[in-house]
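User: I have a structure open and would like to go through some of its parts. Can you help me read it?

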Amino acid sequence: MATGEGSKTVEPEASSPGERCRGGPGKILVTDLDGTLLGGTPTDRLRLRNALIRHPEVTVVFATGRGLESIREVLRDPVVPQPRWIIADVGASIIDGADLTPVTALQTALRAGWPGGERVRAALRHFPALTYQHGVPQDGRCSFHLPPAGLTPALIDAVHALGCSWQYSADTYFDVLPAHASKGNALVALATQWGWSMDAVLVAGDSANDRSMFGRGAHGVIVGNAESNLLSAVPAADAAHRPDLPGAAGILTALQDLGWIEPDFPLVVGYHRAPITWTPDGWRSPSSPNGILPTLHSVFTGNLRAVWAAGVVIEPHQSAAHLDDHDTGLPLAFLPLTSAEWSGYFHRACKEALWPVLMSQPHRARFDPAAWAEYRAVNRRFADHISAHAAPGATVWLHDYNLWLVPGRLRETRPDLRVGLFHHTPFPDPDVFAALPPAAEIRTSLGGLDWAGFHTEVFADRFLGSLTDHARLPVVGVHPLGIDRAAIEQLARSRPLGCRKREGHVVLSVERLDYIKAPVQKVDAIGELLARQPELREALRFRLVCPPPEPGLTAYDATRQLLERRIAEVNSAWSTGGWQPIEYFPEFLSFPEVVDHYLAADVFWVTSLQDGMNLTAKEFIAAQAAVGGCGVLVLSRHTGAAAQLAAGALLTEPNSPTDLVDTLLHALNLPPAQRGERLACLSELLGQHNPIEWAAEIIAAIQNARRTESTGRAA
């Protein structure tokens, strides 16, 4: 290391509190650019950028030999973190990163006594080994090329005679500077101005002109590809971190060793919702232990190193502090979305355009280009959010159609990732899928998957049929989701016996409000059944537990209005005294309350026009079997569960009003012995395969996936 810098530390002038904003509370990373922040592989640089995005409390400060115009070029690179402050011109300039204007008070102090570039060049023109860097923008310094043999005492004396200091690095670059200008002095000036504790500062460098930043009381990292002169000049106490990894990877290692950032994750789970919902009363958890959210929750119950990337609705003016104020114990990485963004993305694009097509109801689809633009934008942000948390070569497990455009974005930006997507919904016939205006865009993205999963072979075949134009196909797996049977059995056995007592027949449906669940058709069937079998009057109760959709979702308004009108009409036509045929629960019930309804039911009635699986049917079986019940399952043949449970259920065709009535009547008339035999069969078919085992199988399948040239089927 060679240097002729002045030893005096510059004291900054005072400024008003509002003149400049601080670097921010927390930690400060002061890093050289070339060979340090900009060094290493593209993947290393992306990992560092992503880590800093995850940790906005770490303020970035550039400390570089470049001038401002050259720095502007660097800032156009999207992988480069945005600096709050910039130390430029080897310490002769201090620039506000927010607007790229000089920090005049500090910079003036650093340049005190500077004779000017022209005078410096004139005084040194007699040294033939010096070659001025004409193409390099310079401010407050003079920069030359100089071979090592040209660094003579006479040259050093000439620089000192000008009242200047000098820096020499890489056996090539000779910088003449103001006497007190250096990266280290500029750092001290910023730290003094903003009250930074040096214990909260990490300096990073690789060359001799970074020497002045070390030994100032800050943490130090000399990255793996550093000049030997720097390594020998800096005592170990001043740069305790000396990783073998070069550039950005070395910085990242030091940040992790200091505990300033957490390591990135080998597994990222992506779902558009979190396992908890923010409400004015605080966080609310799902009522059922089954379904997508509780199932994903189970993935994190062990020591799995993973993070859950999820969207959350929060307005710009609201404090984000409550996002970490939950007691789930889960590593949640929230992507903030405004209510307007959520409305366009989820309420309109997902539920009004995509959902009807997935449910093979294309006539219900309403495609809005503006909403689709919001869907595209949210998916792009989601992909970048996932990328920011994913380690090199990480596994990404996406869920459902809400993130269909994420695979394509990740394939472009993070080809190192192994990406899988499980469809909890049905997948439509290829010709129905093709009716979507953005079908080609979606196909292109889905073709970037390594693996795609489904509940049934039928859905998997339809998916592959929609990607026939792709030369390479994702590996496809069929993994029907199970339930936490042990938890349900334990709960069922713990419920009071009174909840199982009933008079007459109880028919039960538990489903969210959705036209695809055919709730209106069920109410009509009850009316028709009573007309056909009037002796069932006062001997039959149909309990419909049907919680409403989230506020703002209007796609089901017409269904709700028609449903409530038909319930009123059927009850009005058949009610007597204290009895009415339909008991309607348009509300969320706790899961113990739902289990009480399972235990009280003679028939569980599932009439979905399409359904990826239907876990409530499985919950009913587990609860009834746990207490020795003999409830009958009437199950739509269009559910994923029918592929597994057909041998013990009574299958029904919800598109046929007559079949709905006939099959329900058949269930009510089954003799006890047959009811018990069917439930025993269902219990055996249900098995013990739980969500934790299911998740482990899928993660392994994604990690082992190799996209194929033809069928997409795993070998």
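Analyst: A definition to begin with: two strands pair if DSSP finds at least two bridges between them. Also, this is a predicted model.

User: Okay, what stands opposite Trp308 in β17?

Analyst: Leu332 of β17 is the residue facing Trp308. Strand β16, which covers residues 306-313, is joined to β17 by 6 bridges, and the two run parallel.

User: What order do the strands of the open sheet have?

Analyst: There are 7 strands with parallel pairing, in the order β17-β16-β13-β18-β19-β20-β21. The edge strands are β17 (332-337) and β21 (475-478), each of which pairs on one side only. From one strand to the next, the twist averages 20°.

User: Which strands does helix α16 lie across?

Analyst: Helix α16, residues 457-465, lies across β20 (451-454) and β21. Relative to β21, the helix runs at about 165°.

User: New topic. At what angle do α18 and α19 cross?

Analyst: Roughly 15°, with the axes of α18 (residues 519-532) and α19 (residues 557-574) coming within 9 Å. Angles under 35 degrees count as roughly parallel, so α18 and α19 are roughly parallel to each other. Their crossing is left-handed.

User: Which residues of α18 and α19 meet there?

Analyst: From α18, they are Pro519, Val520, Val523, Asp524, Ile526, Gly527, Leu530 and Ala531. From α19, they are Thr559, Leu562, Leu563, Arg566, Ile567, Val570 and Trp574. By class, the residues of this contact are 11 nonpolar, 2 polar and 2 charged.

User: And how do the axes of α20 and α21 cross?

Analyst: The axes of α20 (residues 591-600) and α21 (residues 615-626) come within 9 Å and cross at roughly 70°. An angle of 65 to 115 degrees counts as roughly perpendicular, so α20 is roughly perpendicular to α21. The crossing is right-handed.

User: Which residues make that contact of α20 and α21?

Analyst: On α20 they are Phe591, Tyr598 and Leu599. On α21 they are Thr616, Glu619, Phe620, Ala623 and Gln624. This contact has 5 nonpolar, 2 polar and 1 charged residues.

User: Last thing. What pLDDT does the protein chain average?

Analyst: The average is 90, and 92% of the residues score at least 70. Over residues 5-24, however, the pLDDT is below 50.

User: How many contacts does the stretch 5-24 have in the model, beyond near neighbours in sequence?

Analyst: That stretch has 50 such contacts in the model.

Definitions and conventions
Residues numbered from 1 in each chain as written. Predicted model: local features only at pLDDT ≥ 70, side-chain atom pairs only at ≥ 80, totals over all residues. Heavy atoms only, no water. Helix = DSSP H or I, 4+ residues; strand = E, 2+ residues; numbered from the N terminus. Axes fitted to C-alpha atoms, helices over the stretch in contact; angles between N-to-C directions. Contact = heavy atoms within 4.5 Å. Parallel < 35°, antiparallel > 145°, perpendicular 65-115°, else oblique. Left-handed = near helix turned anticlockwise from the far one by under 90°. Nonpolar A, V, L, I, M, F, W, Y, C, P; charged D, E, K, R; others polar. pLDDT = per-residue confidence, 0-100.
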